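The paragraphs below go through one structure in steps, from chains to domains to ligands. Please keep the sequence and the 3D view at hand while reading.

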Amino acid sequence: MNRVLVYIEHDDGVIAETSMQALTFGGGLGEVEVVSVGETALGGWQIQHPLLTDYAPEAIAESLAQLVGAEMPGVVLAGGTERGNEVMAHVAALLDLPLAANVTEVRPSGDAWDLTRIRWGGSLLEEATLTAIVKLATVAPHVIEAANFPFRAATVFTPELADELARTMVFERVTLSEGITLTTAPVVVSGGRGVGSPEGFAVLEELAGMLGGAVGCSRVVTNNGWRPHSDQVGQTGTRVAPNLYIACGISGAIQHWVGMMASKNVLAINNDAEAPMVTKADYAVIGDLHPILDAIVAEVRRRRAG
Amino acid sequence: MRLLVCVKRVPAPGARINLTEDAQAIDARHLSFTVSPHEECAVEEAIRLKEIHGGSVTVMTLGPAEAEEQLRYAVSVGADQAALLVTNGSDWDPQATAAALAARIAEAEAADGVFDLILVGNESADSGGYQVGVRVAHTLGRPIVGGIKGLAIEDGFVSARRETGSAVEVYRLPLPAMVAVKEGINLPRYPTLPGRLKAKKAEVASAPASANPGGLVMNRLLTPAEQKTTTTILGRGPEAAPAVVDLFEELGLL
Ligand SMILES: Cc1cc2nc3c(=O)[nH]c(=O)nc-3n(C[C@H](O)[C@H](O)[C@H](O)COP(=O)(O)OP(=O)(O)OC[C@H]3O[C@@H](n4cnc5c(N)ncnc54)[C@H](O)[C@@H]3O)c2cc1C
Ligand SMILES: Nc1ncnc2c1ncn2[C@@H]1O[C@H](COP(=O)(O)O)[C@@H](O)[C@H]1O
């Protein structure tokens, strides 16, 4: 049976959802062995070294590469997250092996894999062939539902790490306070070029506040300096999946769409009934967004009062 | 301070992506071309570092002859030198791309000195392989960190800021180093008229690239199945407000 090592990300033992998905994905390819870094025993291989006190992409990858050299598994997986992709890229470079990032499907074909992976942040897919003695891949988030995983006793693996590898370890960590963020908000009120100005966002802020939501925006808005980049939704911004996404004056370019297509409901407010955002949305209101938003805010207030 | 930025020419699709008949590429007949927003910001960041510390910015790309357009754009906003590794326009795998870039960078360094900082995008806009920069870094023996949204250089180190959902991480890499940056690290400037004129006349050092294919071969592209939705029009203008608020109530948002 194919041995599948899965590098999992965890926070003091709380395993990332994307890592649980990678474990489930790996289960379809062979016998899964968990690999984790740190003091918490999670079963499988537990990488421990005095140098590994915080996230350290080079040192973690060096440890994984040594483990792969010692165990020679057929497959190594991680979640397709910022860290997962980064660590696996280092492993691939160290072992001089190919890496397929953000894979959605694997079809073993002889010694090789035919696979499907994400391109353009999810707007396109690619079918590719991966040929390698050890197959390295990251699993695109949310392509598989995480199943329960039977964690077994842990075996400590102690890599040999040169002190020099500390050069890419986190040097300082500042914890942020968590309020309602774009990724957790149940409603996102998002504005595009059609909002017209930074001041134009006041009514979006007001509506978001009333609904316990957050304000988002398109790239045109951040490029114009109307909103900070942390508000940007899309391929090079944040991915959101709220219960309701309200797109105000956003045309619906594919790079924006991939950032919010997981929303349960989409409401477009746009003066162009033919705009792609309108034709792809579940609900739409056609017209100038400012008087429409003013009326919506007034109506919410009226119903709350009555 | 010697700075280098690697950028990749990609088409800029609008509301939907159409593929060529052989499904090997995006049908770009009616599209303009650009680079990833991450890479635009990498160029801007390099120019800002040059403005603070002096020195020069080189931009490099591996792509078809037309990729000159993206290099000239970088020159128009302040880059000093441009290097193009010319391919026949086909899609190169990450290993081949990284090997060719690293070899060209090593050549440039042998001739004119080491690049103190090499900047790449966090991921390319089209293939999103998350690895070309890391592979180049390993070949050149440099440290690299990704997801970077803030940079400062002092005392032979680059300090780099990265945001996770709940924290800000600071890394401190000894120079020479590499960073993979993300959009949002800065707000890129627009080219000025003198910048455009300079870009027009700039010399682009072109050399053919030789491929050394890796183990991941693209067979074809496909568009994901589109979910058909029928749009319910709740109304036109402010009169639609009650219907919208009804929807809020239905979804349990009030
Ligand atoms: C590699 C790459 C990555 C990208 N990443 C992102 C990303 O992460 N996020 C992102 O958003 N974009 C991204 N883009 C940019 C994207 O292609 C579009 O340019 C951008 O999303 C357009 O923003 P917009 O809809 O606000 O503007 P526009 O496309 O100009 O649309 C404005 C809309 O507002 C409507 N409108 C105008 N006035 C009014 C009014 N008074 N009332 C109502 N409606 C009005 C118009 O009808 C139109 O539909 C990326 C592009 C590339 C090439
Ligand atoms: N063909 C290329 N030419 C120059 N730089 C590239 C090329 N491909 C990738 N890069 C750089 O490497 C980064 C990561 O690319 P990727 O591994 O494809 O996601 C990009 O953002 C670019 O900065």
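How many residues does the contact take from chain A and from chain B? The contact takes 84 residues from chain A and 84 residues from chain B, where contact means heavy atoms within 4.5 Å. This is a predicted model, in which local features need pLDDT of at least 70 and side-chain atom pairs count only at pLDDT 80 or more, while totals for chains, interfaces and linings use all residues. Residues are numbered from 1 along each chain as its sequence is written, chains are lettered from A and ligands numbered from 1 in the order in which they are written, and side-chain values use heavy atoms, with hydrogens and water left out.

The size of an interface is often given as the accessible area lost when the parts come together. Between chain A and chain B about 7,100 Å² is buried, 57% of it on carbon and sulfur atoms; buried area is the accessible area (1.4 Å probe) that two parts lose on being put together, summed over both. The count between the two chains is 11 salt bridges, a salt bridge being a side-chain nitrogen of Lys or Arg within 4 Å of a carboxyl oxygen of Asp or Glu. A salt bridge joins the side chains of Arg303(A) and Glu249(B), with 3.2 Å from N to O. There are also 45 residue pairs in polar contact between chain A and chain B, both residues at pLDDT 80 or more. A polar contact is a pair of N or O atoms within 3.5 Å; within protein, one must be able to donate a hydrogen and the other to accept it, and residues adjacent in sequence count only if both atoms are side-chain atoms.

Next come the domains. Chain A is divided into domain 1 (3-167) and domain 2 (187-305), with bounds from an automatic or database domain assignment. Their C-alpha centres lie 37 Å apart. Four residues from domain 1 of chain A and six residues from domain 2 of chain A form the contact. The two domains of chain A bury about 370 Å² between them, 51% of it on carbon and sulfur atoms. On the side of domain 1, Trp120(A), Gly121(A) and Ser123(A) supply 89% of the area buried against domain 2, more than any other three residues. Across this interface the rule finds zero salt bridges and one residue pair in polar contact, both at pLDDT 80 or more.

The ligands remain. Ligand 1 has 29 residues around it, and Arg193(A), Ser218(A), Val233(A), Ser251(A) and Gln255(A) come nearest; a residue counts here if one of its heavy atoms lies within 4 Å of the molecule. Residues from chains A and B surround ligand 1, so the site is shared between chains. An N or O atom in the side chain of Ser251(A) is 2.6 Å from an oxygen atom of ligand 1. A backbone N or O atom of Thr236(A) lies 3.0 Å from an oxygen atom of ligand 1, and for Gly237(A) the corresponding distance is 3.4 Å.

Around ligand 2 there are 19 residues, of which Cys6(B), Glu39(B), Leu62(B), Ser124(B) and Val132(B) come nearest. A polar backbone atom of Gly121(B) is 2.9 Å from an oxygen atom of ligand 2, and a backbone N or O atom of Val7(B) lies 3.3 Å from a nitrogen atom of ligand 2.
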